Amino acid sequence: MRDLATAMVFLKARLREDETAARAVKPGKDEGVAVLRDRALADVKAKRRLVAWVEANQGTTWKANAEAQGLNFWQKGIVDVIAAVPEYFRSPVIARLLTAYEDHPDFQPEWKLVEVEDEYEPADHEKRR
């Protein structure tokens, strides 16, 4: 992704909007609405963690969080491995998160994912034989 910084600003703004909208929902007597609201808030939280991982400067943020959370030896080791993944490999995470907002007026066309057929999977027209 060429302009990761702009994409991140866009994504963070959408996550703030999603959180605001979810918090505005008042479930009343319908427990299903409360479950959906809570799921939307959990989704925003999970996406923010992914954004933080992509933004992390060589994983220092993740390592500091691991220390603060009191993770055990093995969990810290996993955090170290994940944190060491270069930005080049982390940025596709943002590209996939952006797909949820393709209908937003500020969504930039270059952020669209290009679908590539797996060369080992038969195309739909080949499956009908």
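Let's begin in a loop: Q108 sits between α5 and α6 (124–127). This is a predicted model, and its secondary structure comes to six helices and zero strands.

- Although Q108 and F10 are 98 residues apart along the chain, their C-alpha atoms are separated by 9.6 Å.

**The chain as a whole**
- Read from the N terminus on, the elements run α-α-α-α-α-α.
- The chain has 129 residues, and 26% of them are buried.
- Take the contacts between residues at least 6 apart in sequence: 66% of these join residues at least 24 apart.

**How α1 meets α2**
- Helix α1 covers residues 4–24 and helix α2 covers residues 31–55; their axes come within 9 Å and cross at roughly 160°.
- That angle makes α1 roughly antiparallel to α2, because angles over 145 degrees count as such.
- The crossing of α1 past α2 is left-handed.
- On the α1 side, the contact is made by L4, M8, L11, K12, L15, R16, D18, E19, A22 and R23.
- On the α2 side, the contact is made by R37, A40, L41, V44, K47, R48, V51, V54 and E55.
- By residue class, this contact of α1 with α2 has 10 nonpolar residues and nine charged ones, with no polar residues.

**The largest nonpolar core**
- The largest nonpolar core is made of 16 residues.
- Inside this core, the residues with the most contacts are L11, V51, I94 and L98.
- Two or more residues of the core come from each of α1, α2 and α5 (87–98).
- The biggest contributor is α1, which gives six residues to this core.
- L11 and V51 also take part in the contact between α1 and α2.

**K12, a charged residue on α1**
- K12 is placed in helix α1 and is one of the residues through which α1 contacts α2.
- With 31% relative accessibility, K12 counts as partly exposed.
- Leaving aside residues up to four places away in sequence, K12 touches V51 and E55.
- K12 and K47 lie 35 residues apart in sequence, and their C-alpha atoms are 9.2 Å apart in space.

Key
Residues are numbered from 1 along each chain as its sequence is written. This is a predicted model: local features need pLDDT of at least 70, side-chain atom pairs count only at pLDDT 80 or more; totals for chains, interfaces and linings use all residues. Side-chain values use heavy atoms; hydrogens and water are left out. Axes are lines fitted to C-alpha atoms, for helices over the stretch in contact, and angles run from 0 to 180 degrees between N-to-C directions. Helices (H or I, at least four residues) and strands (E, at least two) are DSSP runs, numbered from the N terminus. Angles under 35 degrees count as roughly parallel, over 145 as roughly antiparallel, 65 to 115 as roughly perpendicular and the rest as oblique. A crossing is left-handed if the near helix is turned anticlockwise from the far one by less than a right angle, and right-handed if clockwise. Contact means heavy atoms within 4.5 Å. Ala, Val, Leu, Ile, Met, Phe, Trp, Tyr, Cys and Pro count as nonpolar, Asp, Glu, Lys and Arg as charged, and the others, Gly among them, as polar. A nonpolar core is a set of buried Ala, Val, Leu, Ile, Met, Phe, Trp, Tyr and Cys residues joined through side-chain atoms within 4.5 Å. Buried means under 20% relative accessible area, exposed over 50%, partly exposed in between (1.4 Å probe, protein chains only).
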